[in-house]
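Open the model in your viewer and keep the selection tool at hand.

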Amino acid sequence: MPVLKGKELRVVGFLCNWCSYGGADTAGVGRFSQPTDLRIVRVPCSGRVDPLFIIKALISGADGVLVSGCHPRDCHYSHGNFYARRRLETLKSFLPALGIDPERFQYTWVSASEGQRWKNVVSTFVEKVHQLGHAPHIEDAVPYLPLAAAGDALRAPLRPLAYPPAGSLAQSLERLRERIRAALPELDCVIGWQQGYDALHATPLFMRKPEDVDKLTWGPLNVHNLATYLPQFKNRKVGVVVKGCDSRSVIELLQEKLIEPDNVRVFGMPCEGVVDVARVQKALGADDGGDHAGTAPASMSVEGDVLTVTGATPAQLKLADVVAEKCRTCDTPSPLLGDVVEGVASAPAGAPPAAPPGLEALDAMTPEQRRGFWRAQMERCLRCYACRNACPMCVCRDQCIGESRDPHWTTQEGNVREKLQFQIIHALHLAGRCTECGECQRACPVNIPVLALKQWMNRSVRDLFDYRAGMDVEAVPPLLSFAVEEKNIKEHGL
Amino acid sequence: MSFARYIARGELARALDLMARGRVAYAPRREADAVVFRPRAEGEEPLLARATVPPKGIIFPQSERLFAFIREKDPNDPGHTTVRLDATADIPPALIFGGRPCDARGFHIFDRVYLNGPHRDPYYAARRDATVVVTLACAKPCSTCFCHWTGCGPADTTGSDILMTPVEGGFVAQAVTPRGQEVLEGASLPEAGADRVMAAEAVHSATLSALEAQNPAPDLSTTPRRLRERFDDSGFWRAMSDKCLACGACTYLCPTCYCFNITDENDGGDGMRGRRLRSWDNCMSSLFTREASGHNPRMGKALRLRNRVGHKFSYYPDLHEGIVSCNGCGRCITGCPVSVDIREMVVRATEPSEETPNA
Amino acid sequence: MPDAITPEAGAHVTTLGSGFTDNPYLPDVATVLETVQETPAIKTLRVRIDDAARMDAFRFNPGQVGQLSLFGVGESTFVINSPPTRMDYLQFSIMRAGEVTAALHGLKPGDKVGVRAPLGNWFPFEDMRGKDIVFVGGGIGMAPLRTLLLYMLDNRADYGNITLLYGARTPGDMAFRDDVQDWLGRSDMNTTLTVDQAPDDWPHRAGLIPHVLLDLAPSNANSVAVLCGPPIMIKFTVEALKKLHFADEQIITTLERRMKCGIGICGRCNIGTKYVCVDGPVFSYAELKELPNEL
């Protein structure tokens, strides 16, 4: 295209074979003049369009992407475009999280006879893209790292929970242990938590013998979502101990039939919040500004909303000050399902904050700042996939398309574009499935706030489909189904 | 280490500028919620904290181009194509400041494999040659440090060109290699003097004592053999790996992990140009040993964890005069999302067990 | 982020070698001379390194391997299955299994490939002089045996009796047809073919390799057995050889692993302390028994 270099922008079109491609052909036969910027990829159906196609095009340098299919109710394959409508509307709602102008992506419906309409669609869209100009590239974004990084600023206080009566936690825990011991003989194991390598860490515990159950602990150190281990057990019977947020992951796994209800026994207790270990260390003055954990406390115990730390840096900390971000917006402290739930249920008093802190921060940024934010944050990503492997919904780990050569989505290069592409794949594949357990962010060894992308996605799903993942075993995730009339999707009139 | 200079605390930035003249200098910097090595600007006051991610990526990049391939059609014979390979790289002189002994020893672990094995790695050799390593000795341990278990230590000089130790008022900078001495000479620094050198040595001993007190080093002399004996103890490895997520955090945070992958990529869709890349890989991934037929000698994560611990504490020492391929930095412990603890695995493997009672 | 004072970018461009001999990651560019479709799944490529001086100076021992690459697709390890005594070309036989091998199957004469060779160890052909040799090959396992067998035939006086047992699932799965015809006709070696499922007009043996081997009952006196094939065939053939009283040191085989660097650095192909790409791929059964049980 050297002749038109500088005059044409790069606009990619995905057209369904039956209607829109035919419509484009009709426009051609009718000799309608249209801008030449559009490069067309023919697909069998708009339902074939994976949102990743649009993402890949945009982050690889496309200035605009257009998807066109048959009109709803006229899909050559009956339902393909109903699925497409859901996926593509969700994608459009997600693009701003990355700092991508959602106007650069449109989806529409053009039938085979609508040559004139096709010409109008192309002309309007390409003109819009020209108005927007060349799309900025993530690699060129000015790095933006706001000072109030996660862990520094004091966020909205943890809403008061009805903490269990003094001393009752120990009793509830012992009753839980008894019930687990009783269930052990028929189970391969029961997964819970035990004391970790120091007073600030717990670690997953796989209980197989009654003596193992003695080691089971409960408290604010139980940060791990143990549901992530369940799909590995395939046809074996296994038990799992859950907090409220973890139970949503179990529900989601059951919903998608990734685990069988007969093979899982759920044990739980209500949760008063889990700590962000980095915040605790900072509050204790136990870090040197770097990676050193300093001297570990001799012990840490919790009573009500107070953490008591003994040892080299003794302190009394308020749980509200050191709790994990996700706990601030939690409204499911008690397990939503469970064969055994011990302990006093507690509910947060007061309304939750409008948005979780990470999402709030992202909302406050301009698109340019968001691009700079992700560019700066992904710079230190190691591509270790801890975020993926900690995620209970990511069951494809060994065949993940983020690493495969067939299909070949990413290269092995350690640049921001490849790294961000994986995060986008993760967020898209979790759309309507993510229970916001926050493990992806907690697992990151370099503390990249990847949860914000999923929180944004979850908000889009909530707004579009009135749906939250992991609440109802009988529900069907919205992107695995469709509606002929969509309540919350307004057609864009292109 | 008789060549020693003194750097007053207030002079540190200026001294670094002088030492790094003509070189790209890397130093730890806080970036959002982590500390990573980044190019240092002239005059920039460095962060003296230990980095979250070791500096191995400066000499062994997360990804690098091995060569580019360019196909050219013969103008006289269109059916005939030649291929040209371009194996060039821009490798400027560099200086790494602010790593700890548990970072720098990692370069020696690499050297033995990349430089002194049956084949020499020219990419690694070029970057290693081009990079001066200025290491900071540790004045205090943190709770997960176990460098004194693995043959490393808070003032170990292995892999470094210069060792700097914090003393009252500043730092004693000691040359470890002739190149280190050259760099210090070029920075026009005052001599440290015998008293200060002794003070530095006192810091070294104090930290080592603190480490010993916090966490006495077990006897790991039988560990290589015990790990061989424990190879078929599947119950042991299952228990050790139950909670492992088989991600790559431990591997990529480790200063001594050196495994890599080689992949080809194309520039554009016509196959006329492209590149062959080398990138970090990790043995905890099931893709690591998966063959094209689908057969995988290390199908389960227990087998992969067994290989990881085996390689670090048994195979590498057996091949390299007893040197353990672990520096005891503890990042694999703190970085692991579920706190898999290699200290625990090594100690338990070394103990007598029901399966293999003879320790 | 503040700008670093950096030496001018591009000011320190180093060339990291010109070919395999000074950069073990850099392939020598080679041209495909001819291809032979041995079976639907196995294709043979005969290549010649473009740099004439390099091709003339190329030396290798039977059993050594090469990393064959298709630029833009990837690399894969194959034994050089032509013998060092016939240097018109280097021959590789490729079983189609994945991305790279499928692409290699699509090559035509004139196409370019990359060759990083020779890599790995070799069959102990010098120690085998004066001995009787029993070759047992299954399917594509015939490829590494071919290089040693042809080498021995080209140095016939140095070796004793040569026996070959070559088996495949069906006649259509047998590779190296022309060679096999030649070997059947030679009087200075004893060739037996067998297939698992024999059609009616099959003039040779039927039955699994280990059974046929026991039937042939080669003597273990002053003998060496060289086997190559799928892991299950190796396992049962070794059992058969033990029944025939072959000592561990008298049994030689090759191992396969996913490989990348081929030079003992990337850390991938190890079994315990041994790297299949430098300490192998040729191993004696005695050596295999020392390895951790990770085959």
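**Stop one: chains B and C.** This is a predicted model. Select the contact between the two chains: 54 residues come from chain B and 48 residues from chain C. Now colour the chain B side by element. Strand S4 (63-74), strand S5 (77-86), strand S6 (88-90) and strand S11 (260-266) each supply at least two residues of it. So much for strands; helix H3 (101-114), helix H4 (122-130) and helix H10 (301-319) of chain B each do this too. Which element gives the most to this side? Pick S11(B): it gives six residues. The side of chain B that touches chain C shows 30 nonpolar, 13 polar and eleven charged residues.

Three bridges join them, and the two strands run antiparallel. Centre on B:Ala89. Its bridge partner in S1(C) is C:Thr14.

**Stop three: a helix in chain C.** Select helix H3 (residues 142-154) of chain C. Is this helix largely enclosed or open? Eleven of its 13 residues are buried, so H3(C) is largely enclosed by the rest of the structure. To see them, select C:Met142, C:Ala143, C:Pro144, C:Leu145, C:Arg146, C:Thr147, C:Leu148, C:Leu149, C:Leu150, C:Tyr151 and C:Met152. Note that C:Arg146 is among the buried residues. Next, check the length of H3(C). At 1.5 Å a residue, its 13 residues should span 18 Å. The end C-alpha atoms are 18 Å apart, which agrees.

Most peptide bonds are trans. C:Pro118 sits in strand S7 (residues 112-119) of chain C.

**Stop five: positive phi in chain A.** Most residues other than glycine have a negative phi. Select A:Arg73, where phi is near 85°. A:Arg73 is in the loop between strand S3 (64-69) and helix H3 (80-94) of chain A. Buried or exposed? A:Arg73 has 12 C-beta neighbours inside 10 Å, so it counts as exposed. Jump to A:Asn447, with a positive phi of about 55°. Look for A:Asn447 in the loop between helix H15 (439-443) and helix H16 (451-465) of chain A. With 19 C-beta neighbours inside 10 Å, A:Asn447 counts as partly exposed.

**Stop six: the domains of chain A.** Colour chain A by its domain assignment: domain 1 (9-140), domain 2 (168-341) and domain 3 (357-480). Hide domain 2. The centres of domain 1 and domain 3 of chain A, taken over C-alpha atoms, are 24 Å apart. Their contact takes 19 residues from domain 1 and 24 residues from domain 3. On the domain 1 side, helix H2 (51-59) and H3 of chain A are the elements that give two or more residues. The largest share, six residues, comes from H3(A). By class, the domain 1 side that touches domain 3 of chain A divides into ten nonpolar, three polar and six charged residues.

How values were computed:
Residues numbered from 1 in each chain as written. Chains lettered and ligands numbered in written order. Predicted model: local features only at pLDDT ≥ 70, side-chain atom pairs only at ≥ 80, totals over all residues. Contact = placed C-beta atoms within 7 Å. Helix = DSSP H or I, 4+ residues; strand = E, 2+ residues; numbered from the N terminus. Nonpolar A, V, L, I, M, F, W, Y, C, P; charged D, E, K, R; others polar. Pairing = 2+ DSSP bridges. Expected span 1.5 Å × (residues − 1). Buried ≥ 20, exposed ≤ 12 C-beta atoms within 10 Å, placed from the backbone. Domains from an automatic or database assignment.
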